[in-house]
Amino acid sequence: MSGLKESLQTFHKIASSPKEQLKKYLAEDKKVVICAPVYTPEEIVHAIGMVPMGTWGADIEIKEAKTYFPAFICSVMQSVLELGIRGEFEGASAIIIPSLCDSLKCLGENWKSSVENIPFIPMVYPQNRKADFGKAFTKAGYERVIADLEKATGQSFDDAKLTASIAIYNEHNAIMRQLSDCLNDYPNVTAADRNAIFQSAFYMEKSEHTALVKDLISELTKTEKTANNKIKIVTTGILVDAEDLLKILDENDMQIVADNVASESRQYHVDAKPAETGLDSLSCKFADMDNCSVLFNVDKAIAQYTVDLVSKYQANGVIFVMTKFCDPEEFDYVMIKKACEEKSIPLLLVEIDRQMTNYEQVRTAVETFKEILK
Amino acid sequence: MSNEVKKKSPPDPNSAKFKLGKIATDAYVDAQAAKDRGEMIGWCSSNFPVEIPETLGLAVCYPENQAAGIAARGGGERLCNISEDDGYSNDICAYARISLAYAKIKDTPEQNMPEPDFLLCCNNICNCMIKWYENLAKDLNIPMIIIDIPFNPDYEVSDAQVAYVKAQFLEAIKQLEELTGKKWTEEKFQEVMEYSGRTSRAWLAATSEAKHTPSPFNGFDLLNHMAVMVTARGKKEAAEAMEVLHKEYLENVETGNSTFRGEEKHRIMFEGIACWPYLRATSTGLKSRGINMVTTIYADAFGFIYDDFDGMVKAYCNVPNAMNLEHARDKRVKLIKANHVEGLLVHTNRSCKLWSGFMAEMSRQIAAECEIPHVAFDGDQADPRNFSEAQYETRVQGLTEIMESKKGGC
């Protein structure tokens, strides 16, 4: 049991100290590249021999970024910029920012003027991603990222190394999917613990994270399974990392049994399959991605996907965690709501923001939801 | 001081205003007539290449124009409320909320449109467009054809982007041919391209007449005429009407007339989509201070001049909301310098995250390079709840004071 506790503590420590992780890698003479959301090609950064470090911003007061963004832009973008301006990424060689939503496009444009010592590398993804012309454009986008990284760091790209990196990332994807399922048998692992495991993956080399997760699964399987009386929840949204929100879920005996959250399982749905080159493999991986609000899908498959998760994991209900001002999610919410209503699946919408300090309204909503689910 | 040009009633059928207004109105009438004949009609996003439906002979309507019309006639809040009752956040673009509500209720006193059989979506204006059209397609259970033109973070459009977008143009044509039975012909495309070029040249020439002091037109005219540029550029009627517009502006220059009423004391650039529910308030706030909004980015943005299919593809990659800050800035700087602009008035549009998301920094860079003051006000293109007339007045007053002070006034 102590092994399990220590293992979880490790995840919490890393998840809560990205700056320390950055310093650690820099002290090891490693180059670090900041990867903004979403679907940033970390494999390429890794293949060039650098550490890709994810960022989803932080729960902080926005001050400097306000001179760039109006108040109605998603707080993930605002806080990423705020961290950049405050020097929290000091020492990083570059930042890669994809442009899959309108706010992300603005983050890249604002970054150029506000954080001049960390070069902005854009990754332009296609929405018509499944056709051959879409895959070719994805590949061209990756090639541009490679050229910019080589220029920023003086290091060079090798496709064979990319293939090796892809294998590391595929292994990590698989272990994260396994972990998510495994946790369902262990209700004592809290929502906060679960989030720490997912969040810490952004701040570590994936091979290190895979090893830690494997250890955790090993510790878990050593413990005796206990009766699970928790309320089973599926979460969906962009981000479910707010400490207060997770605490409220835990206090209300809710267990996240599956998620379609952008910063959690959504990024691990698809593996890169073998192809002629590593870059082709990576381009096809993006083409295969789906069930995400920032990826075009005329069938709105995300709605059925949510319903299917509830069915597969026998969940009691869905909590849609809306990151305020995220319009792709706001459009999908309506379709998910309809799909849940058709299947009589209880759904709760909670709105969160990186600058929220008072979660009492969320608490009331979750408590009421709990009563409904009982 | 310019002489006033009084509005005539009824309008002169030979005037550009009448002709342009008729083109905008006919778009709805023609689409309904096509629908009544049993033809398939589409709803189309504003920056979708009009050359495609035009060459194929397909009638299309523009939900953005409809939403602007509904908002200008006072129906914005009512329709937004219908969408919000269905679960749409009031944070979502008001055009989208109005359009999704209309797709549900199918009838409004402000502006009706025939029901669509297909949707044509292009996201070179914003990615919000994709989400909006996805939901329309799902609700109406009709096909959606998308041309994805990604935001370009570089100054120039890359060969890779042109290849990607061109492939989608060809794919969209193929899909539409299969869906509607209409056929693409090179001859018709050449004709459409010729009209589009004529319309664009006339538009650019007309709007460039703002270089004269006083300007021969009130810049608010551009906000109205822009609809024709976006939606009907490839039509013969549009080319002719824009040529009349240019001729009228030239005549105004010669005679010292202007469609701007009163003395033109100051010349500003307006940034952003109009606040349609408050067109009168925003216009009066300027006019009462002798401020003429002589130019907007529309003046430059919708002049599509190209020589062939590839040129057309590239032109659509270079529309305002698809270009990076530096490119967007330089286009505005060019307009400001060419038209002797003294101040920049920015509409921070609650509906448009992309347009407003890096406008603050762009405004600073423009103001520094052009040595002009800039102010911003909060508003919305269609939801009346997001605009405060008092704030607008205060900001315009502040801008006026700085412009006066720069001129040596008190």
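Predicted model: local features only at pLDDT ≥ 70, side-chain atom pairs only at ≥ 80, totals over all residues.
Residues are numbered from 1 along each chain as its sequence is written, chains are lettered from A and ligands numbered from 1 in the order in which they are written, and side-chain values use heavy atoms, with hydrogens and water left out.

**Exercise 1: the nonpolar core**

Task: Find which residues have the most contacts inside the largest nonpolar core.

Solution. Start with the terms. A nonpolar core is a set of buried Ala, Val, Leu, Ile, Met, Phe, Trp, Tyr and Cys residues joined through side-chain atoms within 4.5 Å. Buried means under 20% relative accessible area, exposed means over 50%, and partly exposed is in between (1.4 Å probe, protein chains only).

Next, look at the members. The largest core has 236 residues, and A:Tyr39, A:Trp111, A:Leu149, B:Phe169 and B:Leu345 have the most contacts inside it. Apart from that core lies another one of 22 residues, among them A:Ala191, A:Ile233, A:Val321 and A:Val362.

Now zoom in on A:Trp111. Contact means heavy atoms within 4.5 Å. Leaving aside neighbours within four places in sequence, A:Trp111 touches residues including A:Val80, A:Leu81, A:Phe89 and A:Ile118 in this sense. As background, nonpolar side chains in soluble globular proteins tend to be buried together.

**Exercise 2: spaces inside**

Task: Describe the largest cavity and what lines it.

Solution. Terms first again. On a 1 Å grid over the protein atoms alone, a cavity is a set of points where a 1.4 Å probe fits but cannot get out; a pocket is an open set with protein on both sides within 12 Å along at least five of seven lines; lining residues have an atom within 4 Å of a point. Grid points are joined across faces, edges and corners, and a volume is the space filled by probe spheres set on the points.

Count: there are 12 cavities of 30 Å³ or more. The largest holds about 320 Å³ of space.

Lining: 25 residues line the largest cavity, with A:Tyr39, A:Thr40, A:Glu42, A:Gln267 and A:Lys285 nearest its centre.

Classes: Ala, Val, Leu, Ile, Met, Phe, Trp, Tyr, Cys and Pro count as nonpolar, Asp, Glu, Lys and Arg as charged, and the others, Gly among them, as polar. The lining splits into 16 nonpolar, five polar and four charged residues.

**Exercise 3: an open pocket**

Task: Work out how the lining of the second largest pocket divides by class.

Solution. The second largest pocket has a volume of about 640 Å³. Its lining has 29 residues, and A:Ala15, A:Ser16, A:Pro18, A:Gln199 and A:Tyr203 are the closest to its centre. By class, you get 14 nonpolar, seven polar and eight charged residues.

**Exercise 4: a sheet in chain B**

Task: Trace the strand order of the open four-stranded sheet and find its edges.

Solution. Two strands pair if DSSP finds at least two bridges between them. The order is S3-S2-S4-S5 in chain B, with parallel pairing. The edges are S3 (60-61) and S5 (144-147), each pairing on one side only.

Look at one end: two bridges join S2 (residues 42-44) to S3 of chain B, and B:Trp43 stands opposite B:Cys61. At the other end, S4 (residues 118-122) and S5 of chain B pair over four bridges, and B:Leu119 is opposite B:Met144.

Finally, check the faces. In a regular strand the side chains alternate between the two faces of the sheet. In S5(B), B:Met144 and B:Ile146 are buried on one side, and B:Ile145 and B:Ile147 are buried on the other.
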